[in-house]
Amino acid sequence: MFIRPKSLSSESKRELFSQGATRSTLKNNMRNFHSLSQLVLSAGPLKSTPAVKHAKTSHFEIEILDAQTRKQICIVDKVTQTSTIHDVKQKFHKEYPKWYPSRVGLQLERGGPFLKDYVTIQSVAASSIVTLYFTDLGQQVFLAEYTGPLLIYLLFYLRIPYIYDMKESSRRMRHSVVHLACFCHCIHYIRYLLETLFVHRVSAGHTPLKNLIKGCAFYWGFTSWIAYYINHPRYTPPSFGNRQVMVSAINFLICEAGNHFINVVLAHPNHTGTNACFPSPNYNPFTWMFFLVSCPNYTYEIGSWISFTIMTQTLPVGIFTLLMSIQMSLWAQKKHKIYLKKFNSYMHRKSAMIPFIL
């Protein structure tokens, strides 16, 4: 009897089907890989994609804060990688003309060292925004220049030992002009110090860092010479007595007041707070000197020292007044030329410092 073979089980069929599908899939993958290889070879060598530089920034934004109050003063934008600290100071000066680049000190952190002018922004920048702290170096320099004469004169006025003969000092009585001269001298330099702290417009044209030693030597040296003569036990009063002293003292105080009010006007030339216009006189009579000269602050300054010279009638004060007059006349003529080029309405002002003369 013939026996019919049993049909394949369902599991065997599935196994045969999966083997066939696997073979066909492998063939297809080989064909695709071969086609892709031919395409790559025909396209040539692969070009590397240029790397995107995230670390470097084309421009920086400089945030300048006050070193004492930490308040934001301004933001200097569009600063390139190759820009230096000096370039930042120049842009800062354009925003705030009263702070000359030589007066600006910039620090990365409060209390840290001041950045040199040749340092590039890229070398100190950790990101696209750089925070710097501002310090007015000119203020520190002027404080050193003006504090010295104030203290030096008081030392001679008190007649400390080893300066004058103590026996001679005790025998001779001081004339009233000696006390008045000390008062006027102290008033002059106290005004300087207060204006340096609160007005910020005293001698703004200097380069204070370079002139610190020269300025201190000039002021401190002449103050020592002047104070030594006026406070000497053998000092003789002026030739015309109290009348000469009192008239000169009154004129000295008037010039000191005028100098102060002019400096205030120069610091705030108009109500908008900008420096785009020439300072104009106001209701204060001391500012009417602007009608005659372009630099009345120098006019009042020279007037103060001429009055002090006549009041004390001493050679050292006269020499100091002469040298100050020469220097201030040069500054006044330089500023006068700048004003003539910058302001058309300023042409009618003919004098720089001395009305109708200079």
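Me: Is Phe261 buried, exposed or partly exposed?
Reply: The model is a predicted one. Phe261 has a relative accessibility of 32%. Buried means under 20% and exposed means over 50%, so Phe261 at 32% counts as partly exposed.

Me: What kind of aromatic pair do Phe261 and Phe286 form?
Reply: A pair of aromatic rings is described by the distance of the centres and the angle of the planes. For Phe261 and Phe286, the centres are 5.4 Å apart and the planes are at 25°. Planes under 30 degrees apart count as stacked, so the pair of Phe261 and Phe286 is stacked.

Me: How many residues apart in sequence are the parts that the pair of Phe261 and Phe286 ties together?
Reply: Phe261 belongs to helix α8, which covers residues 241-267. Phe286 belongs to the loop between α8 and α9 (296-312). The pair therefore ties together parts whose separation in sequence is 25 residues.

Me: Is Phe286 buried, exposed or partly exposed?
Reply: The relative accessible area of Phe286 is 24%. Since buried means under 20% and exposed over 50%, Phe286 is partly exposed.

Me: What kind of pair do the rings of Trp305 and Phe320 form?
Reply: The ring centres of Trp305 and Phe320 lie 4.6 Å apart, and their planes stand at 70°. Planes over 60 degrees apart count as edge-to-face, so the pair of Trp305 and Phe320 is edge-to-face.

Me: Which helices hold Trp305 and Phe320, and are Trp305 and Phe320 buried or exposed?
Reply: Trp305 lies in α9 and Phe320 in α10, so their pair ties together parts 15 residues apart in sequence. Trp305 has a relative accessibility of 4% and counts as buried. Phe320, at 2%, counts as buried. The helices are α9 for Trp305 and α10 for Phe320, and the term for Trp305 and for Phe320 is buried.

Me: How many aromatic pairs does the structure hold?
Reply: Among them are the stacked pair of Phe261 and Phe286 and the edge-to-face pair of Trp305 and Phe320. The number of aromatic pairs in the structure is 21.

Me: Where is Asn284, and what distance separates its C-alpha atom from that of Ile262?
Reply: Asn284 is found in the loop between α8 and α9. Its relative accessible area is 13%, so Asn284 is buried. Asn284 and Ile262 are 22 residues apart along the chain, and their C-alpha atoms are separated by 9.7 Å.

Me: With which residues is Arg191 in contact, leaving aside its neighbours within four places in sequence?
Reply: Arg191 is part of helix α6, residues 176-198. Its relative accessibility of 9% is the reason that Arg191 counts as buried. With neighbours within four places set aside, the residues in contact with Arg191 are Glu256, Asn259, His260, Asn263 and Glu301.

Me: Over which ring does the charged end of Arg174 sit?
Reply: The distance from the charged end of Arg174 to the ring centre is 4.7 Å. The ring belongs to Tyr157.

Me: Which residues form a nonpolar patch on the surface together with Ile357?
Reply: Ile357 lies in the segment after α10 (315-342). With a relative accessibility of 69%, Ile357 counts as exposed. The patch has about 710 Å² of accessible area together, and the residues that form it with Ile357 are Trp288, Phe291, Leu292, Ile354 and Phe356.

Me: How many helices and strands does the chain have?
Reply: Along the sequence the pattern is α-β-β-α-β-α-β-α-α-α-α-α-α-α. The secondary structure comes to 10 helices and four strands.

Note on methods:
Residues numbered from 1 in each chain as written. Predicted model: local features only at pLDDT ≥ 70, side-chain atom pairs only at ≥ 80, totals over all residues. Heavy atoms only, no water. Patch = residues over 30% accessible without salt bridge, like charges linked within 9 Å, V, L, I, M, F, W, Y side chains within 5 Å. Areas by Shrake-Rupley, 256 points an atom, 1.4 Å probe, with all protein chains shown as cover. Salt bridge = Lys/Arg side-chain N within 4 Å of Asp/Glu carboxyl O. Helix = DSSP H or I, 4+ residues; strand = E, 2+ residues; numbered from the N terminus. Buried < 20%, exposed > 50% of the residue type's maximum accessible area, 1.4 Å probe, protein only. Contact = heavy atoms within 4.5 Å. Phe/Tyr/Trp six-rings, centres within 6.5 Å; stacked < 30°, edge-to-face > 60°. Lys NZ or Arg CZ within 6 Å of the ring centre and 35° of its normal.
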